[in-house]
Amino acid sequence: MANLKEIKRKIGSVKNTQKTTNAMKLVSSAKLKRTEELAKRSRVYAAKLTELIEEIAQKMKQSNADGIDNIYFKDIENPQKVDIIFITADKGLCGGFNSQTLKRTNQLIAEYKEKGVKVRLRAVGRKGIDFFKFNGIELNNEIIGLSASPDFKKASEFISEVAASYVNGDTDKIILVHNGYVNMITQEIREDQLLPVDTSKLKLDHQSTSELEVEPDDDDTLLDALVKRYIEYTMYYSLIDSLAAEHSARMQAMDAATNNAKDMVKELQVKYNKARQESITTELIEIISGMESMK
Amino acid sequence: MELMKLEIVTPDGVIFDAEVKQVTLPGSEGEFGVLANHATLVSLLDTGVIVIDKADGKEIAVAINSGYVKVEEEKTTCIVDGAVSLSAEDSDLSAALEAAKTLLKSTEASNTAIATAVSKVEQIGKSF
């Protein structure tokens, strides 16, 4: 009988877990929809901004024989100091979402260490911070709360600080790693080189048809302002992208958990039925044998 | 009158995308108007008001904090950080006006620039 009670208790607890995971899945899917919408709207802005940078960079390239002469565009072949920014979630329970980002970050660190490059880490998101703290690796920045609710102002404050250290010469290269959203069931690790601006990614080969006038009449001022805006926006967009991916990953994880719980309840129910049948049979045998002995 | 395409993009999405007659922009070196077939130009935009002459003759004002504009012969694209649009068809014009003023005042531009922009917004608000 004790066994019966035990199984019944287990069924109850698994059912409760199932309710929780199901609720979490619903919450995530609602949040995902909202974040997706946000990402969709800001994508247009990002595209236009990139277009404009391409145009200006193109113009500067044409007027200058030895490439683009701007601090944000200088090409460093052997960087000595690299900053890696990585975005993880503040919360867990989202499958391999965080560990994938951390794995990639670790890979990058190992790659650069091999080349003798100094690496500084800047963490956004509690899970990433916890991971590196546990492993006793020092972090330059620890930002909590930004990855759960991306905010343009906070994101630009953070990235301006990083960009300033690039201009000072404290770092030669800034890389941003995050787990991006592809669709409801897939996430993909994305790695962006924030600074210097990756000219290989810009479309600079086309010849502009007409002379572009620029106001203020100083290319550098405009380009500086544009690049600053560009990296701020890339940072902000990456946060949104990462959040969307987090929700989709959590949705998947919770969906799987709900299904597993369902299977488990089924299994336990069978076990329970068997045990009940067994106990009834034993009781019957006892009664019958008791009757038999009384004859 | 020849028309051109005007697009205003903010981080929250596209807020204006239509054919217009003329647009007046608050450039960093001074206000300037753009008609169709304008020479290609890229300019920084300061805190101020974009005034749009729509194809149907109606006027719209958009208060912005800062941004960029790319002018091409057939198309003008404004990339701005924050914008509030005002038009005579707004059901709640006074609320829109308030929002526009708050946006203008929240910028880091000089006091005179903000004051000019605010008074311009008020003027436009009255004209509707």
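Author: Gladly! Let's begin with domains: their bounds come from an automatic or database domain assignment. For chain A, that assignment gives domain 1 (2-21 + 256-294) and domain 2 (42-253). Keep in mind that this is a predicted model.

Reader: What separation do the centres of domain 1 and domain 2 of chain A have?

Author: Taken over C-alpha atoms, the centres of domain 1 of chain A and domain 2 of chain A are separated by 55 Å.

Reader: Why is α1(B) called roughly antiparallel to α2(B)?

Author: Two packed helices are described by the angle between their axes and the distance between the axes. Here α1 (residues 93-105) and α2 (residues 111-127) of chain B pack at about 170°, and their axes are 9 Å apart. Angles over 145 degrees count as roughly antiparallel, so that is the term for α1(B) and α2(B).

Reader: Which residues meet where α1(B) packs on α2(B)?

Author: From α1(B) come Leu93(B), Leu97(B), Ala100(B), Lys101(B), Leu104(B) and Lys105(B), and they meet Ile114(B), Ala117(B), Val118(B), Val121(B) and Gly125(B) of α2(B). Sorted by class, the residues of this contact are eight nonpolar, one polar and two charged.

Reader: What makes Leu93(A) partly exposed?

Author: Count the neighbours. A residue is buried with 20 or more other C-beta atoms within 10 Å, exposed with 12 or fewer, and partly exposed in between. Leu93(A) has 14, so it is partly exposed. This residue sits in the loop between β1 (81-87) and α2 (97-114) of chain A, and its phi is positive, about 55°, although it is not a glycine.

Reader: How do you know whether Asn37(B) is buried or exposed?

Author: Use the cut-off of 12 or fewer for exposed. Asn37(B) has 10 C-beta neighbours inside 10 Å, so it counts as exposed. Asn37(B) is in the loop between β3 (30-35) and β4 (41-45) of chain B, and its phi, near 65°, is positive in a residue other than glycine.

Reader: Why are β3 and β5 of chain A said to stand at the edges of their sheet?

Author: Look at the order of this open, five-stranded sheet with mixed pairing: β3-β2-β1-β4-β5 of chain A. β3 (141-143) and β5 of chain A each have a single partner strand, so one side of each lacks a neighbour in the sheet. On average, neighbouring strands are turned by 20° against each other, direction ignored.

Reader: What makes β2(A) and β3(A) a pair?

Author: Two strands pair if DSSP finds at least two bridges between them. Strand β2 (residues 118-124) of chain A and β3(A) have three bridges, in the parallel sense, so they pass that test. As one of the bridge partners, Arg122(A) has Asn141(A) in β3(A).

Reader: Which strands does α2(A) touch when it packs on the sheet?

Author: α2(A) touches β1, β2, β4 (173-183) and β5 of chain A, and its direction makes about 150° with that of β4(A). Helix α3 (residues 126-134) of chain A lies across β1, β2 and β3 of chain A, at about 135° to β2(A).

Reader: How many residues of chain A are in contact with chain B?

Author: 19 residues of chain A are in contact with 19 residues of chain B. On the chain A side, α1(A) gives the largest share, nine residues. By class, that side has twelve nonpolar, two polar and five charged residues.

Conventions: Residues numbered from 1 in each chain as written. Chains lettered and ligands numbered in written order. Predicted model: local features only at pLDDT ≥ 70, side-chain atom pairs only at ≥ 80, totals over all residues. Contact = placed C-beta atoms within 7 Å. Helix = DSSP H or I, 4+ residues; strand = E, 2+ residues; numbered from the N terminus. Nonpolar A, V, L, I, M, F, W, Y, C, P; charged D, E, K, R; others polar. Axes fitted to C-alpha atoms, helices over the stretch in contact; angles between N-to-C directions. Parallel < 35°, antiparallel > 145°, perpendicular 65-115°, else oblique.
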